[in-house]
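Welcome! Have a look at the sequence and the 3D structure below, and then we can walk through a few of its features together.

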Amino acid sequence: EIVGFSLKGELLQAEENDTLIEFIGDSITSGMGVIGTKTDWRTDGTNAWGYLTAKSLDVDFRIRSKSGIGAGRDCNGDVGPKYEWISSYPLDNCFRDLTTPYTVNREADIIIINLGTNDLDAYNWSPNATQSQELEDNYVKLLNTIRQYNPDAKIICLAGGMTSGYGSRLQKAVNRVGGSDSDFYCYWITTPLNLGGAGHPTEYQQRIIANEVLEVLQRDFLK
């Protein structure tokens, strides 16, 4: 256990790159199961698609992800700051306290979201019409919430990874908040990528996602 440290000299702030990308996700973005086998595995975010994408581009980045969390419901169907991003995004750290607001001294230029797998799991992977509409409505709420904190960012939603079963509702949500005219975008990525621990992407499969996201960014956003 590390209880403290001391140093000589001073800590200097790193020089900023031109672009800051924020990644928002769940266990896929956290790198759950990326190392090991289906039954004996561990989590490593440095081998997950968001980190790999950022390092390949040599941009500044921040990653906000948690295993089990959803856009509007977690994998067990629960709601609240510790379970879904609508309530959690406005907080600095919902596991530390539920009152400290999320503040940053630099707005993201691009935000990339990969959420929906756990929302689908909450509906036992086969939502009825009412549940499908709730999933779409929750995504609209999340996108509007994120926009409040990032008024000038390009916001990219990804459908895919472990499943893209929520993709059609995600596309409808993106259209409802204005689509590309309002700098909201939806892209499909490869699925199913689930050969790693607990049915999650392996390190190799995470690189598939990263390469596809890199292609999208370099073709459409970082020309």
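## Cysteines

Cysteine 75 counts as partly exposed, at 24% relative accessibility; that label covers values between buried, under 20% relative accessible area, and exposed, over 50%, with a 1.4 Å probe and protein chains only. This is a predicted model, in which local features need pLDDT of at least 70 and side-chain atom pairs count only at pLDDT 80 or more, while totals for chains, interfaces and linings use all residues. Residues are numbered from 1 along each chain as its sequence is written, and side-chain values use heavy atoms, with hydrogens and water left out.

How many disulfides does the structure hold? There are zero disulfides, a disulfide being a pair of cysteine sulfur atoms within 2.5 Å. For cysteine 75, which is in no disulfide, the nearest cysteine sulfur belongs to cysteine 94 and is 14 Å away. Cysteine 157 is in no disulfide either, and its nearest cysteine sulfur, that of cysteine 186, is 6.2 Å away. Cysteine 157 is buried, with a relative accessibility of 0%.

## The nonpolar cores

Now for the inside. The largest nonpolar core has 31 residues; such a core is a set of buried Ala, Val, Leu, Ile, Met, Phe, Trp, Tyr and Cys residues joined through side-chain atoms within 4.5 Å. Ile111, Ile113, Leu115, Tyr139 and Leu143 have the most contacts inside this core. The elements giving two or more residues to it include strand 1 (20-25), strand 5 (110-114), helix 5 (129-149) and strand 6 (154-159). Helices (H or I, at least four residues) and strands (E, at least two) are DSSP runs, numbered from the N terminus. With six residues, helix 5 gives the most to this core.

Apart from this core lies another, of 24 residues, with Phe23, Ile209, Val213 and Phe221 among them. Back at tyrosine 139, what does this residue touch? Beyond residues up to four places away in sequence, tyrosine 139 touches Ala71, Ile113, Leu115, Cys157, Leu170 and Ala173, where contact means heavy atoms within 4.5 Å.

Serine 132 sits in helix 5. Is this serine buried or exposed? Serine 132 is buried, as its relative accessible area is 13%. Setting aside neighbours within four places in sequence, serine 132 is in contact with Pro127 and Arg169.

Serine 27 belongs to helix 1 (residues 27-30) and counts as buried at 4% relative accessibility. Leaving out neighbours within four places in sequence, the contacts of serine 27 are Met32, Lys66, Ser67, Gly68 and His200.
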